[in-house]
Amino acid sequence: MALKLFNTLARSVQEFVPLDSAGKKVGMYCCGPTVYDLAHIGNFRTFVFADLVRRYLVFKGYDVRHVMNVTDVEDKIIARVREAKMPLRDFTSQYEAEFFKDLQTLNCLLPHDVPHATDYIAEMIALIEKLIARGVAYKTADGSVYFSIEKYRGCGCHYGQLVKLNFDEMRVGERVSSDEYAKESLADFALWKARVPEDGDVFWPSPWGAGRPGWHIECSAMSMKLLGPSFDLHLGGEDLMFPHHEDEIAQSEGAGVQTAGQRFVKYWLHGAHLLVEGKKMSKSLGNFFTLRDLLAKGFTGTEVRYLLLTAHYRETFNFTLEGLQGARAGLKRIYQCLDSMRQLAQFAPMQKLELAPDIVGVQAFGVTTEPDRTFIGRFESAMDNDFNVSAAWGTVFEWVREKNRDLSSGAMSEKEASSNVHSLEMVLNVFGLRTATFETTSAFIKTDEASITLDDQGTPEPAMRLMFEREAARKAKDFKRADAIRDELKRLGWVIEDTPNGARLKRL
Ligand code: AMP
Ligand code: ZN
């Protein structure tokens, strides 16, 4: 079965055929966070979607290389750095650390490459030099460099591939220096911005004098460096379509680095916004929830992730706390069915301590029976249809209902239970939803994360709560309490091992 997806470039649903002639390797880039503040769950809707795309491609048998950049220099960051009176890296690294913690809580796989814009300044300069040499970029008197839309179009190139632009209304020769601008001010955009006093210490030397890159060139340079001049998939939220992605195409294709007939990116995927009361969740409107806001209300990362994955990525989705309550109930139904089937199949507690990152599509832990191919097939055909998660969840819930009936009537054999567990865990792994069994048979915490709560572990298991309490006691040097917890854990059938990297919890 072939995967079909909506390609913004074609404005239609297309069959996914990777550039790799062997049809195996897939390069995927997703614009990463701008680290000037905490990310909100609207931002995470986009990253959870990217994670789903990756997991599903792996499930389909592709060998995916997932790149997500960290935007650690652009206009908003510089403004905040100035206010904070901190060095750039010190300022951005605090938000970056929080971002990755949240990403982990949402059980997103770490991208294979996480390039930082500030580490790729040389590549950006080289790309700008190519654009100048090809006559589609020009230097201004202050030492900035701009991309010339007129020259680019004059070479027969198409500006406006992702969005329709009205060039009759375009004010030719205008320039825009800020990283974000509206379609009305369609104009030459900055590739390199000459140093101004407000930039403080944030500048790099270049052939045009001291300055810093524009935001758009950052993604062109990093993506092409890591994935090559042409790659398969580029993702981001719909707000990035213009100007960010349009400018990325112009810069990357304007440099003429692709082989003849190839584009910069074959498929562009854009996720719709997460809304709150009908408005885009955003920092500027002040209507946002961060992940920690929701954890503080008692929800788990797994529940938030599940909620974000209940809506199709191209549909705007209204976030409410009631919706999150509903997500909790839905997940519970699935996990309860899974637990009952695991008990029936008499699975021994799993031995594996950590969830391997790429288990997707491989077989579930401790299960060796064949999965239910009809169920998996129905799930796959739903997902092949442009990631139709609504149909996929419909299939899951119908199947769970059926299995619950079989469980209560005694119609499910031990062998069938084993196969069913395998099937359901396969599907849950594609969605990146930790299974209850994983959560209740082992755990691991890093020493430096002793303060993290159970919220990111999904269903709290008493033993895990105790492990975290013990870590907290150890941190507070209350060794008596720590030892008492160890004994209590033993009584519950768990052993705790202290390793140089942190504490491990295992079934006795
Ligand atoms: P930023 O950190 O602002 O660069 O945004 C990171 C990602 O989040 C980008 O792909 C944005 O398009 C996306 N994004 C921002 N706001 C929302 C929202 N309300 N819903 C979904 N995605 C969003
Ligand atoms: Zn980008």
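Helices (H or I, at least four residues) and strands (E, at least two) are DSSP runs, numbered from the N terminus. The structure is a predicted model, in which local features need pLDDT of at least 70 and side-chain atom pairs count only at pLDDT 80 or more, whereas totals for chains, interfaces and linings use all residues. Residues are numbered from 1 along each chain as its sequence is written, chains are lettered from A and ligands numbered from 1 in the order in which they are written, and side-chain values use heavy atoms, with hydrogens and water left out.

Helix H7 contains Pro243. This proline is joined to Phe242 by a cis peptide bond, with omega about 0°.

Helix H6 itself is mostly covered, with 12 of its 13 residues buried. Among them are Trp215, His216, Glu218 and Cys219. From its first C-alpha to its last, H6 reaches 19 Å, close to the 18 Å expected at 1.5 Å a residue, the expected span being 1.5 Å times one less than the number of residues. Gly228, with a positive phi near 95°, follows H6.

Around ligand 1 there are 17 residues, of which Thr34, Gly42, Thr46, Asp239 and Leu274 come nearest; a residue is near a molecule or strand if one of its heavy atoms lies within 4 Å of it. Nitrogen atoms of ligand 1 lie 3.0 Å from a backbone N or O atom of Gly42, 2.9 Å from a side-chain N or O atom of Thr46 and 2.7 Å from a backbone N or O atom of Leu274. The protein covers 92% of the 490 Å² of accessible area that ligand 1 has on its own, as given by the Shrake-Rupley method with a 1.4 Å probe; for residues, only the protein chains shown count as cover. Helix H1 (41-59) and strand S10 (231-237) each supply at least two residues of this shell, and H1 gives the most, with 4 residues.

Thr140 lies between strand S5 (137-139) and strand S6 (145-147) and is buried, at 11% relative accessible area. Its side chain makes a polar contact with that of Asp142 (2.6 Å); a polar contact is a pair of N or O atoms within 3.5 Å, where within protein one must be able to donate a hydrogen and the other to accept it, and residues adjacent in sequence count only if both atoms are side-chain atoms. Lys85, in the loop between helix H2 (75-84) and helix H3 (88-105), has a positive phi near 50° and is exposed, at 73% relative accessibility. Asp386, located between helix H11 (373-384) and helix H12 (389-409), has a positive phi of about 55° but is buried, at 2%.

Notes:
Buried means under 20% relative accessible area, exposed over 50%, partly exposed in between (1.4 Å probe, protein chains only).
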